[in-house]
Amino acid sequence: MSGNVRLLDDTLAAAKAEGRAALIAYLPAGFPTVDGGIAAVKAALDGGADVVEVGLPHSDPVLDGPVIQTADDIALRGGLKIADVMRTVREAHAATGKPILVMTYWNPIDRYGVERFTAELAEAGGAGCILPDLPVQESALWREHADKHGLATVFVVAPSSKDERLAEITAAGSGFVYAASLMGVTGTRESVGAQAEDLVRRTRATTDTPVCVGLGVSNAAQAAEVAGFADGVIVGSAFVKRMLDAPDAAAGVEGVRALAADLAKGVRAQA
């Protein structure tokens with residue numbers, strides 16, 4: 001069974017053809033429950049997200065801020081397993097036909113088995129993985145299996161990345177490049193500044209792969225700002241916060257749908 005890297009490529013290309021950035025939503029699997037997480041992912045896609053990153057909750061996240069850490073803790077205390085992450089990918093993709101990636105730290109994959117993980121993700125209809133803590137120089141085994149199963153390998157670049165390092169990272173990756181807009185962890189911010197635009201410019205100088213910006217975007221105005229210079233706008237903490245702040249699970253799902261619709265208007269403001 002081959003994964004859906006082609007669907008991801010085609011989705012990003014279609015957004016570009018419309019003269020806009022793609023909207024990429026992040027939601028952790030298993031939050032607030034496995035079924036509730038699946039409903040939230042579907043709602044984000046139905047609301048207007050082009051792509052969803054399904055987070056594999058981890059007990060020691062290095063990129064995630066307090067909002068996502070809170071959701072991850074709820075999922076882990078609920079007994080989330082990798083099988084539940086695969087089920088989330090499978091059901092969301094089957095219901096929407098849109099590309100679903102998994103965002104995960106390396107340790108869970110290493111313990112689960114690279115071949116097993118990639119084969120199961122491809123079978124579930126996944127489009128690939130975002131691997132924020134896997135160094136490119138240690139990624140050959142992962143990339144071999146990802147390529148075999150038709151999965152994208154998305155690496156993260158940061159404002160601190162030197163041009164030579166950017167070229168090394170982008171040469172090894174596929175699908176898109178995840179540009180972290182600033183140094184630090186995920187979370188909503190008042191502004192997503194010039195650092196992000198400079199990083200996108202420098203990254204694009206090394207690759208034709210789409211460059212998508214995450215860390216800090218929480219509303220339509222910020223989405224429109226980032227859409228003016230990036231190929232995709234990644235939003236995570238703002239979706240999770242809608243669910244954490246909601247009075248019940250159903251309201252949380254509707255909050256996700258409404259935010260996706262608002263952000264979708266934002267990325268289209270540049271079109």
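Here are some questions and answers about this predicted model.

Reader: Let's start with the overall fold. How many helices and strands does the protein have?
Author: The protein runs to 271 residues. Its secondary structure comes to 12 helices and nine strands.

Reader: What radius of gyration does the protein have, against what a compact globule would have?
Author: A compact globule with 271 residues would come in near 18 Å. The C-alpha trace spans about 45 × 40 × 30 Å along its principal axes. The protein's own value agrees with the globule figure, at 17 Å.

Reader: What percentage of the residues are buried?
Author: Buried here means under 20% relative accessible area. Counted over the 271 residues of the protein, the buried share is 58%.

Reader: Of the contacts with a separation of 6 or more, what share comes from residues 24 or more positions apart?
Author: A contact means heavy atoms within 4.5 Å. Taking the contacts with a separation of 6 or more, residues 24 or more positions apart account for 74%.

Reader: On to pockets. Which helix gives the most to the lining of the largest pocket?
Author: That pocket has a volume of about 250 Å³. Its lining includes Leu56, His58, Lys81, Asn107 and Arg111, and by class it has seven nonpolar, three polar and two charged residues. The top contributor, with four residues, is helix H5 (residues 106–112).

Reader: How many charged residues are in the lining of the second largest pocket?
Author: This pocket has a volume of about 200 Å³, and helix H1 (residues 5–17) brings the largest share of the lining, four residues. Among the lining residues are Asp9, Lys16, Arg204, Asp208 and Asp231. Next to three nonpolar and two polar residues, the charged ones number five.

Reader: Is glutamate 164 buried or exposed?
Author: Glutamate 164 sits in helix H8 (residues 163–172). The cut-off for exposed is over 50% relative accessible area. Glutamate 164 has 72% relative accessibility, so it counts as exposed.

Reader: What distance separates the C-alpha atoms of glutamate 164 and threonine 206?
Author: Along the chain, glutamate 164 and threonine 206 are 42 residues apart. In the predicted model, their C-alpha atoms are separated by 8.9 Å.

Notes. Residues are numbered from 1 along each chain as its sequence is written. This is a predicted model: local features need pLDDT of at least 70, side-chain atom pairs count only at pLDDT 80 or more; totals for chains, interfaces and linings use all residues. Side-chain values use heavy atoms; hydrogens and water are left out. On a 1 Å grid over the protein atoms alone, a cavity is a set of points where a 1.4 Å probe fits but cannot get out, and a pocket is an open set with protein on both sides within 12 Å along at least five of seven lines; lining residues have an atom within 4 Å of a point. Grid points are joined across faces, edges and corners, and a volume is the space filled by probe spheres set on the points. Helices (H or I, at least four residues) and strands (E, at least two) are DSSP runs, numbered from the N terminus. Ala, Val, Leu, Ile, Met, Phe, Trp, Tyr, Cys and Pro count as nonpolar, Asp, Glu, Lys and Arg as charged, and the others, Gly among them, as polar. Buried means under 20% relative accessible area, exposed over 50%, partly exposed in between (1.4 Å probe, protein chains only). The radius of gyration is taken over C-alpha atoms; the globule rule is 2.2 Å times the number of residues to the power 0.38.
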